[in-house]
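Please read this short briefing alongside the sequence and the model.

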Amino acid sequence: MIEVKNLTKKYAGRTAVDSISFEVGKGEIVGFLGPNGAGKSTTLRMLTCFLSATDGTASVAGYDIYDDSIEVRKHVGYMPENVPLYPDMRVIEYLQFRARLKGMRAREAKRAVEEAMDICSLTERKKSIISTLSKGYKQRVGLADALVNKPELLILDEPTNGLDPNQIRQSRELIKHLGERHTILISTHILSEVEMTCGRVVIIDRGKIRASDTPQNLIRRLRRPGEIILEMKGDAGAAESGLKKIDGIEAVSSTQVYGGWSVFNLKTDPSIDVREDVFSLVQSSGWKIRELASRAASLEDAFVDLVRKTEAEEKETEETAS
Ligand SMILES: Nc1ncnc2c1ncn2[C@@H]1O[C@H](COP(=O)(O)OP(=O)(O)OP(=O)(O)O)[C@@H](O)[C@H]1O
Ligand SMILES: [Mg+2]
């Protein structure tokens with residue numbers, strides 16, 4: 001559905017996107033992740049023909065972004081980073097106007113707009129003037145616009161930006177639902193959302209692709225120690241030295257909490273489950289225990305680790321070069 005090869009964008013000599021290549025297959029939901037300024041929006045704007053590339057090629061929905069830009073735009077629903085809306089129009093008028101612009105006939109447009117408003121839970125606000133809508137509702141108008149002509153492919157640039165936690169949860173459900181009908185490429189900073197909705201993740205950092213894999217594999221590849229949380233009451237000093245002696249525990253740190261309780265954070269060898277030994281220690285010492293849990297690594301950990309690692313590697317190459 002999307003094929004990108006050596007795509008590059010330079011702004012006034014500065015390279016924002018540096019010869020990236022990746023693919024998105026039909027029916028996939030792919031998360032496009034990266035820190036601020038990584039080049040996500042620039043890439044998505046090139047793919048939707050709102051920005052011309054400096055170099056490289058890409059085909060989107062079967063059309064070349066240089067030769068068939070009109071067709072690309074027709075076949076892709078794009079929700080840009082800052083949705084440009086006409087503030088003085090009513091929701092329904094705006095969406096009908098947009099549907100007609102996309103080449104739909106009046107009657108077809110009317111039906112499609114009702115459907116899009118229904119999918120995006122906008123129906124009750126359809127008569128509202130856009131400028132009076134909250135940010136979340138404006139985002140929904142942008143999304144309804146992107147999917148009104150039922151494009152095969154949706155490209156969404158931070159659709160949940162600025163939404164409250166409840167709306168983010170709703171949008172997660174919505175994206176899952178849309179994924180049944182559309183191929184989706186979505187950029188977002190909300191990694192829990194990606195972990196739950198995306199089959200694959202492409203990570204970009206400083207203009208370069210750093211990884212392309214399933215969230216599960218990225219987490220599995222993560223080379224970081226395991227982590228155990230222990231909350232207990234007793235002799236904190238003795239506990240610390242006792243814990244350090246347990247086979248598999250590599251580092252111990254602790255904080256005091258209210259009421260004489262201490263929370264220990266244990267870094268462990270991930271191949272050894274130390275919880276039984278920890279429990280025995282606490283029990284035989286006559287201390288009290290309130291929590292003993294292992295914290296599973298998340299996509300967020302994998303993301304942070306990956307971005308940090310490439311940063312360090314690049315610094316090293318620079319140092320060797322100079
Ligand atoms: N019109 C422009 N002119 C010059 N530089 C630009 C322009 N647009 C973006 N840039 C630069 O290109 C780089 C990539 O920007 P881009 O907006 O693609 O990042 P992003 O990954 O979308 O970041 P964010 O998460 O903040 O949205 C940044 O360094 C940015 O400053
Ligand atoms: Mg952006």
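Helices (H or I, at least four residues) and strands (E, at least two) are DSSP runs, numbered from the N terminus. This is a predicted model, in which local features need pLDDT of at least 70 and side-chain atom pairs count only at pLDDT 80 or more, while totals for chains, interfaces and linings use all residues. Residues are numbered from 1 along each chain as its sequence is written, and chains are lettered from A and ligands numbered from 1 in the order in which they are written.

**Ligand site**
- The shell around ligand 1 includes Tyr11, Gly34, Lys40, Ser41, Thr42 and Glu81, a residue being near if its C-beta atom, placed from the backbone, lies within 6 Å.
- Helix H1 (residues 40–47) gives the largest share of this shell, three residues.

**Overall form**
- The protein has 11 helices and 14 strands, and its C-alpha atoms fill a box of roughly 80 × 55 × 30 Å along the principal axes.

- Strand S3 (residues 29–33) pairs with S8 in the parallel sense over four bridges, pairing requiring at least two DSSP bridges, and Gly31 has Ile186 as its bridge partner in S8.
- Strand S7 (residues 153–157) runs parallel to S8, joined by five bridges, with Asp157 opposite Ser187.
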